[in-house]
Amino acid sequence: MISVQRLKRQFDTLRGISASSTGINRLAFSDKDWEGRSYIASLMEEAGLSVRSDAFGNVIGHFGGRDETLPPILFGSHGDSVPEGGNYDGIVGILGAIETVRSMKEDGFIPDHPLEVVLFMCEESSRFSAATLGSRAMRGALSASDLLRLHDHEGSSLYAVLKQRGLDPEQIESARYDKKIKAFLELHIEQGKVLEHKGKQIGIVTGIAAPSRLICKIHGSADHSGATPMNLRRDGLCAAAEVILAVEKAAKAKENPPVVATVGIAEVTPCVMNVIPGEVRLGIDIRSIDSAAREDAETSIRSAIESITKKRGIAYTLEPISKEAPAVMDPALVSLLANTAKEEGFAAIHMPSGAGHDSMHWADYAPTGMLFIPCRDGISHNPAEHAKLEDIVAGVRTLEKAVRTLSQKAYALS
């Protein structure tokens, strides 16, 4: 039986560890994050898990199955936060995973397959400008050179920070999780408004969108704002304004499957009242769970930029920054989670995830599934971030029942 009181107490304890007047501050590998990590590891031990950690500091709690030769089921989430963040992002998933095992143990339920609960380190990009680093380490996608290359805002390398925490960055390759697994599951707050808007308690994630990112530099002419007639201007900002609207239009044209696109950076040079803007630097983020739809939107955006600048007689450059592959959730797991939520009496919908999560690095390795619960007003990465306890319990109950089903040797994903 899932304990509401126990979950509430644990959320309150973590809040007490890392709350300040400005919100929750568990920046990756900071003192508060490390204290939270120790507390979560202690909860794993209380739940009857044997606890180990890897060279990156990820914490793995093992719960034995009847047959230890069977592939384990992995589930969990992250414990770090953004600066001045909330107490539910990541934490819902890891506390829910521990409660799942604790409930099983108290009920005397012994899974056929072993279970492993994972606390991922450094999921947020806030400190080292790179996200989901703990998952990357476990998937063998983080090298020693990466640890030296990545630095925080104070100039400390990730390598040095790991050393300071008593970890062994020289052995980062040993963090790779190379055992075959039956499934990977993650419970998380939605970080958006869809579930709340539709009045649903559970979101069954069908895929995790991945971004294609571009930097567009528009090379106009910074002339005098009073002495230059309108027909002789090469206004970089006016061209940029058209580009921004073209980005929005390209994304809106893709509804099934949906695409979202954002211009999140707009830097104008010179940025003064009496000079026509010359240089403009735009940061463009295009996302979808469908690679083809995202490519179509990007093609439309590139074509629009070419057309807009040509019409205005303005040069431009377009630099690709990154292009990641979307993660598709396993159809059989999607069905299992949807049926489980229905059996438990929770209103659920299928939906994509626009935000990245640890789950995205496991989808090409094993059947992967993800559950969302609502967060108030869709607010996340903010002190106002909040999830109702009843919704948390609904998510954990769905997770627990799904794990119990998956843990049966006779149950095959197909």
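The structure holds zero disulfides, a disulfide being a pair of cysteine sulfur atoms within 2.5 Å. Cysteine 238 is in no disulfide, and the nearest cysteine sulfur, that of cysteine 271, is 14 Å away. This is a predicted model, where local features need pLDDT of at least 70, side-chain atom pairs count only at pLDDT 80 or more, and totals for chains, interfaces and linings use all residues. Residues are numbered from 1 along each chain as its sequence is written, and side-chain values use heavy atoms, with hydrogens and water left out.

**Cysteines and accessibility**

- Buried here means under 20% relative accessible area, exposed over 50%, and partly exposed in between, with a 1.4 Å probe and protein chains only.
- Cysteine 122 has 0% relative accessibility and therefore counts as buried.
- Cysteine 238 has a relative accessible area of 35%, so this residue is partly exposed.

- Helices (H or I, at least four residues) and strands (E, at least two) are DSSP runs, numbered from the N terminus.
- Two strands pair if DSSP finds at least two bridges between them.
- Strand β7 (residues 183–189) is largely enclosed by the rest of the structure, because seven of its seven residues are buried.
- From β7, Ala183, Leu185, Leu187 and Ile189 point one way, while Phe184, Glu186 and His188 point the other way.
- Strand β15 (residues 368–373) is mostly covered, with six of its six residues buried.
- Thr368, Met370 and Phe372 point one way from β15, and Gly369, Leu371 and Ile373 point the other way.
- In a regular strand the side chains alternate between the two faces of the sheet.
- β7 and β15 run parallel and are joined by six bridges.
- Two of the residue pairings between them are leucine 185 with glycine 369 and isoleucine 189 with isoleucine 373.
- β7 also pairs with strand β5 (residues 73–78), in the parallel sense and over three bridges; there, leucine 74 has phenylalanine 184 as its bridge partner.
- β15 also pairs with strand β8 (residues 202–208), in the antiparallel sense and over two bridges; here glycine 203 stands opposite phenylalanine 372.

**The four-stranded open sheet**

- Four strands form an open sheet in the order β10-β11-β9-β12, with antiparallel pairing.
- Its edge strands are β10 (260–269) and β12 (315–323), each of which pairs on one side only.
- Neighbouring strands of this sheet are turned by 15 degrees against each other on average, direction ignored.
- Within the sheet, ten bridges join the antiparallel strands β9 (residues 210–219) and β11 (residues 279–288).
- Serine 212 stands opposite isoleucine 286 of β11.

**Helix packing**

- Two packed helices are described by the angle between their axes and the distance between the axes.
- Axes are lines fitted to C-alpha atoms, for helices over the stretch in contact, and angles run from 0 to 180 degrees between N-to-C directions.
- Angles under 35 degrees count as roughly parallel, over 145 as roughly antiparallel, 65 to 115 as roughly perpendicular and the rest as oblique.
- A crossing is left-handed if the near helix is turned anticlockwise from the far one by less than a right angle, and right-handed if clockwise.
- Contact means heavy atoms within 4.5 Å.
- Helix α1 (residues 4–18) packs against helix α11 (residues 389–406) at an angle of about 115 degrees, with the axes 11 Å apart; the two are therefore roughly perpendicular.
- The crossing of α1 and α11 is right-handed, and the contact is made by Val4, Leu7, Lys8 and Phe11 of α1 with Leu389, Ile392, Val393 and Val396 of α11.
- Helix α2 (residues 31–46) and helix α3 (residues 91–107) cross at roughly 15 degrees, and their axes come within 9 Å; that makes α2 roughly parallel to α3.
- α2 passes α3 in a left-handed crossing, where Ile40, Leu43, Met44 and Glu46 of α2 meet Ile91, Ile94, Leu95, Ile98 and Arg102 of α3.

**Two residues to look up**

- Arginine 139 lies in the loop between α4 (133–138) and α5 (144–149), and counts as buried at 14% relative accessibility.
- Leaving aside neighbours within four places in sequence, arginine 139 is in contact with Arg176, His361, Trp362, Asp364 and Tyr365.
- Serine 307 sits in helix α9 (residues 291–312) and counts as partly exposed at 47% relative accessibility.
- Serine 307 and isoleucine 189 are 118 residues apart in sequence and 41 Å apart in space, C-alpha to C-alpha.
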